[in-house]
Amino acid sequence: MHTFSNGYSSGDATESQSEAHQYLNRLLKEGVKKEVDIDVDAYEIKLPSFYDKVKYERARKFYFDNIYGFFISNLTGLVSILAIQTILKVLICTKQSSTPKTAYRRYLATMFHVVNFYSANPDGNSKCYKSIAAVRRKHIKSSKFSDKHNGGMITQKDMAITQFGFLGFVLVQPKMMGIREDGENFEALVHLWRVVGYMLGIENEFNVCTDSLSTTLPRLRLMVAEILVPCLKNHPPHFHEMVKHMIEGLWCFNPFLTTPAFTYLTFRAAGVPGYYFGKEEQALEIQRLKNTPDHCPADTENDGLSPTYKKMPWWSRFILAFIIYILETLIYGSVIFRWIFNTNITSSLFIIKWFPFLAFPKFGIRSSYVRILNGDD
C-alpha cells in the first residue's frame with residue numbers, strides 16, 4: 001500500500017500524533033452522541049473569534065488556482081464518506097440521493113454551496129454566509145426526518161468526517177490531486193474549513209481542523225487509516241448503489257465520469273490495499289504483501305496494474321489512467337495545463353447552472369435547473 005504524502009513536517013510530530021489519537025477517541029466516543037443542531041431557533045450563525053480574513057482570502061485564491069484538483073478531491077471525498085454507515089443511513093432515509101435524478105440535484109447543490117464557500121468571505125450577507133446558513137438548515141431538516149424514521153441523526157462525528165471529504169485528500173495526497181504542496185496555502189485551507197466547520201455547527205473539540213496544519217494533518221491521516229480505510233474495505237450495504245447514483249447524476253456536469261474509475265481513485269487515495277497504479281506503487285504493494293505473512297500473494301504481473309484495475313471495463317480503465325495522467329503529470333507539472341483544466345471546470349459550472357443541456361434528456365428541463373439559496377435545494 002502506498003504511503004501518504006509527507007505534506008508538512010513538524011519538530012513535535014510525536015506530540016501531534018498523540019493529540020490526533022486523543023482527538024479521534026473523543027470523536028468516536030463523544031461525537032457519536034452529540035447531534036449538531038436541534039432546530040433553527042437553537043443557534044446563531046456567527047464568525048468565530050479565530051477568523052482571519054487574510055488567511056481566508058488566501059485559501060479562496062488557492063482553491064480557484066487549483067479548482068480542477070479540488071473537484072477531483074471533493075468527488076473522491078464524497079465517495080469515501082458514503083462508506084460511513086451512519087452517514088449513508090441518513091442519506092438513504094431522506095431519499096434525496098437514491099436515484100440519479102435526486103443525486104444530481106443534491107450533489108450539484110452541494111457543489112454550488114462549496115463554490116460559494118470559496119467565492120466570498122463568510123461575513124455580512126455574502127454568498128458564502130447564505131450558503132452556510134442554507135446548508136445548516138438543510139442538515140437540521142434531514143437529521144430530524146431521519147431520526148424520526150429510524151435512520152439516525154446527524155452527529156458531530158458525521159460532520160467531522162464530512163468535513164474531511166472537502167479538504168482531506170488535498171492535504172494527505174496533494175500530488176494525486178494535482179496540487180503542489182505549499183505550507184502557507186495549506187495553512188490557509190485548514191483555516192477556511194475550521195471557520196466553515198464552526199459556522200456549520202461543529203464544536204471546536206470535534207472540528208478536524210485546528211489552528212495549524214501541523215496538528216491538523218495527523219488528524220486527517222489518522223481519520224483515513226482508522227475510519228475510512230476499514231469502512232471502504234468493508235463497506236455497508238447500498239454503498240456501491242449510492243455511489244453509482246451520484247456519479248450517474250454528476251455525469252451531466254462532466255461526462256468524463258464513470259463509477260468504477262472514481263471508486264478506484266477514491267480507494268487509491270485512501271491507500272486501501274490492492275488499489276495502486278504504476279510500477280512504483282506496485283513495488284510498495286509487493287513489499288507490503290511480503291511483510292504480511294498470512295496474506296495470499298496477489299497477481300503481480302509486471303504491468304503496474306492491480307487485479308481490481310484489470311477487471312474494470314475498458315472505458316473506465318482509460319478514464320482512470322487519463323485522469324491520473326492529467327493530475328499527476330500535466331497539471332502537477334505545468335501552469336498552462338493547470339489553467340486549461342481549471343477553465344474546463346469553471347466553464348462546466350457556468351453551463352450546468354445556466355444551460356444544463358446534458359441533463360435535459362435524462363431528467364427533464366425543469367428538474368435539470370438547480371438553484372440554491374432560494375429554499376428548494
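**Figure 1. Asn150 in the loop between H6 and H7.** Asn150 lies in the loop that connects H6 to H7, and in this predicted model its phi angle is positive, at about 65°, although Asn150 is not a glycine. With a relative accessibility of 68%, Asn150 counts as exposed, because that value is over 50%.

**Figure 2. Gly151 and the residues it touches.** Gly151 is likewise found in the loop between H6 and H7, but Gly151 is buried, because its relative accessible area of 7% is under the limit of 20%. The C-alpha atom of Gly151 stands 5.5 Å from that of Lys89, although 62 residues separate the two along the chain. When neighbours within four places in sequence are left aside, the contacts of Gly151 are Lys89, Val90, Cys93 and Ser146.

**Figure 3. His238 in the loop between H9 and H10.** His238 is placed in the loop between helix H9 (213-233) and helix H10 (239-250), and it has a positive phi of about 75° without being a glycine. His238 counts as partly exposed, because its relative accessibility of 46% falls between the limits of 20% and 50%.

**Figure 4. The largest pocket and its lining.** The largest pocket holds about 770 Å³ of space, and of the 34 residues that line this pocket, Leu91, Arg106, Thr110, Val135 and His139 are the closest to its centre. Two or more lining residues come from each of helix H3 (67-81), helix H4 (85-94), helix H5 (100-119), helix H6 (127-148), helix H7 (156-172) and helix H8 (183-199). H5 makes the greatest contribution to the lining of the largest pocket, with nine residues. Sorted by class, this lining consists of 18 nonpolar, ten polar and six charged residues.

**Figure 5. The largest cavity.** The structure holds three cavities of 30 Å³ or more, and the largest cavity has about 170 Å³ of space. Its lining comprises 16 residues, of which Phe71, Asn74, Leu75, Leu78 and Met111 are the closest to the centre of the cavity. H3, H5 and helix H15 (335-354) each supply at least two residues of the lining of the largest cavity. By class, the lining of the largest cavity is made up of 14 nonpolar and two polar residues, with no charged residue.

**Figure 6. The second largest cavity.** The volume of the second largest cavity is about 40 Å³, and the residues that line it are Ile72, Met176, Met177, Leu265, Arg268, Ala269 and Leu327. Helix H11 (residues 259-270) gives the most to the lining of the second largest cavity, with three residues.

**Figure 7. Ser367 in helix H17.** Ser367 has its place in helix H17 (residues 365-368), and it is buried, because its relative accessible area of 17% is under the limit of 20%. Leaving aside neighbours within four places in sequence, Ser367 is in contact with Lys101, Tyr104 and Arg105.

Figure 8. A disulfide is a covalent bond that joins the sulfur atoms of two cysteines. With a cut-off of 2.5 Å between cysteine sulfur atoms, the count for this model comes to zero disulfides.

**Figure 9. The whole protein as a setting for the close-up views.** The protein has 17 helices and zero strands, and of its 377 residues 55% count as buried. Among the contacts in the protein with a separation of 6 or more, 76% are between residues 24 or more positions apart. The protein exposes about 16,900 Å², and carbon and sulfur atoms supply 56% of this area.

Methods. Residues numbered from 1 in each chain as written. Predicted model: local features only at pLDDT ≥ 70, side-chain atom pairs only at ≥ 80, totals over all residues. Heavy atoms only, no water. 1 Å grid on protein atoms, 1.4 Å probe; cavity = no way out; pocket = protein on both sides within 12 Å on 5 of 7 lines; lining within 4 Å. Points joined across faces, edges and corners; volume = space filled by probe spheres on them. Helix = DSSP H or I, 4+ residues; strand = E, 2+ residues; numbered from the N terminus. Nonpolar A, V, L, I, M, F, W, Y, C, P; charged D, E, K, R; others polar. Buried < 20%, exposed > 50% of the residue type's maximum accessible area, 1.4 Å probe, protein only. Contact = heavy atoms within 4.5 Å. Areas by Shrake-Rupley, 256 points an atom, 1.4 Å probe, with all protein chains shown as cover.
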